[in-house]
Amino acid sequence: MSKHSLRFGIDLGGTKIELIALAPDGAELWRRRKPTPQGDYQGTLRAIADLVAEAERALSAEGTVGIGTPGALSRASGRLKNSNSACLNGQPIVEDLERLLGKPVRIANDADCFALSEATDGAAAGAEVVFGVILGTGVGGGIVVRGRPLNGPNAIAGEWGHNPLPWPTAEELPGPACYCGRRGCIETFLSGPGLARDYERHAGAALAGPEIVARAAAGDVACEAALLRYEERLARALAHVINLLDPDAVVLGGGLSNCARLYANVPKLWGRHVFSDRVDTRLVAPRHGDSSGVRGAAWLW
C-alpha cells in the first residue's frame with residue numbers, strides 16, 4: 001500500500017483508547033484497544049503513539065490520524081476544553097501528538113465523529129443534514145452537513161444535552177441538577193443515569209437503564225411507565241432540534257440507542273411539537289453501533 005493510504009481512527013475515551021484502521025473503501029483492516037492511563041496526560045499521549053506504531057507495523061503502511069474524544073478544541077487557545085477526562089483539558093493535545101507522531105492530527109468531538117460515521121457509510125448515508133445523538137452516560141449531539149461536521153465559531157455545534165428540556169411540565173421543573181451548574185438540562189432527563197433516576201423517583205427502587213428496558217418488555221408496569229415518560233421527553237427534545245435544524249435524519253447512538261421501541265414510538269409523538277404540517281425526518285438506529293465513533297474519527301480525513 002502507498003504511504004498514508006490508510007485512515008486511522010482513534011476513540012479517546014475516559015476508560016479506553018481504541019484504534020481502527022480503515023482501507024480507502026471503508027473496510028476495517030485492524031483494531032486494538034488499551035486502557036486509558038487515568039489522570040495521566042503524558043501517559044495518554046504515549047498510549048496513542050504506541051497504538052499508531054503498532055498499527056503501522058501490523059499493516060506495513062502509514063495512515064492519517066483522526067481522534068474523537070469528549071470535549072472540543074477551544075477556538076481561543078487551540079487547547080482541549082469540556083472533556084470529562086479532566087487531565088486533557090487545557091492541554092495542546094494536537095500540537096503534542098503531531099510532534100510525537102511526526103504527522104498531522106485531526107481531532108473532533110466524539111458525538112461529531114459518531115454523526116460523521118453514520119452520515120458517511122452508515123444509517124444516514126446520502127442524507128444532506130444529519131443530527132447524531134449520543135444517549136449514554138451523558139447526552140451529546142453532532143451535526144453533519146453534506147458530509148462534513150459542523151463545528152461553529154465556538155466549537156459547540158450540536159451541544160444539545162446542555163439545553164433545557166423543552167415544554168417542561170410542572171412536575172419536571174426546576175429539573176435535576178446538572179454538573180454544568182444548571183438544572184433541567186436535557187442530559188439530566190435523557191442520559192442512562194437520568195432514566196434510572198426518574199424510575200427510582202417514581203418507583204422507589206434502583207434499576208439501571210438496560211434493566212428498565214428489559215423489564216418493561218416483560219410487562220413490568222413501573223418500568224413501562226418510566227419508558228413512556230422517557231419517550232415523550234425524547235420526542236420533545238428532538239422536536240426542538242427539528243424546528244431549528246430540520247435534519248433529513250436523526251441517528252441515535254449510545255447505550256439507550258439499543259432500545260428498539262424508540263424508533264417506532266418517538267416519531268409518533270414529536271409531530272405535535274414540530275412547527276410543520278408533517279414531519280419527514282427519519283429516526284434511525286446506527287449501522288455501525290459502538291464502532292461508529294472510532295470509524296467517524298477515521299473519516300475526519
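Does Ser-60 count as buried or exposed, and what is its relative accessibility? At 60% relative accessibility, Ser-60 counts as exposed (buried means under 20% relative accessible area, exposed over 50%, and partly exposed in between, with a 1.4 Å probe and protein chains only). The model is predicted, so local features need a pLDDT of at least 70 and side-chain atom pairs count only at pLDDT 80 or more, while totals for chains, interfaces and linings use all residues. Residues are numbered from 1 along each chain as its sequence is written, and side-chain values use heavy atoms, with hydrogens and water left out.

Ser-60 sits in the loop between H1 and E4 (helices, H or I with at least four residues, and strands, E with at least two, are DSSP runs numbered from the N terminus). Coming just after H1, Ser-60 takes a positive phi of about 55 degrees although it is not a glycine. Most residues other than glycine have a negative phi. Asn-82 is another non-glycine with a positive phi, here about 65 degrees. Asn-82 is found in the loop between strand E6 (80-81) and H2, and is exposed, with a relative accessible area of 51%.

Now for the helix itself. H1 covers residues 41-59, and its 19 residues should span 27 Å at 1.5 Å a residue (the expected span is 1.5 Å times one less than the number of residues). The end C-alpha atoms of H1 are 28 Å apart, which agrees. The buried residues of H1 include Tyr-41, Leu-45, Ile-48, Val-52 and Glu-56. Among the elements that cover the buried residues of H1 are strands E1 (6-12), E2 (16-22), E3 (28-35) and E4 (63-69), along with helix H2 (93-101) (contact means heavy atoms within 4.5 Å).

Those strands lead on to the sheet. An open sheet of five strands runs in the order E3-E2-E1-E4-E7, with mixed pairing (two strands pair if DSSP finds at least two bridges between them). E3 and strand E7 (105-109) stand at the edges with a single partner strand each, so one side of each is left without a neighbour in the sheet. From one strand to the next, the twist averages 20 degrees (axes are lines fitted to C-alpha atoms, for helices over the stretch in contact, and angles run from 0 to 180 degrees between N-to-C directions).

As for E1, six of its seven residues are buried, so E1 is largely enclosed by the rest of the structure. E1 runs antiparallel to E2, joined by six bridges, and a hairpin of three residues connects the two strands. Leu-12 stands opposite Ile-17 in E2. Six bridges also join E1 to E4, in parallel, with Phe-8 partnered by Val-65 in E4. E4 and E7 pair in the parallel sense over five bridges, and Gly-68 has Ala-108 in E7 as its bridge partner.

H2 lies across E1, E4 and E7, running at about 145 degrees to E7. Helix H3 (residues 110-121) lies across E4 and E7, at about 95 degrees to E7.
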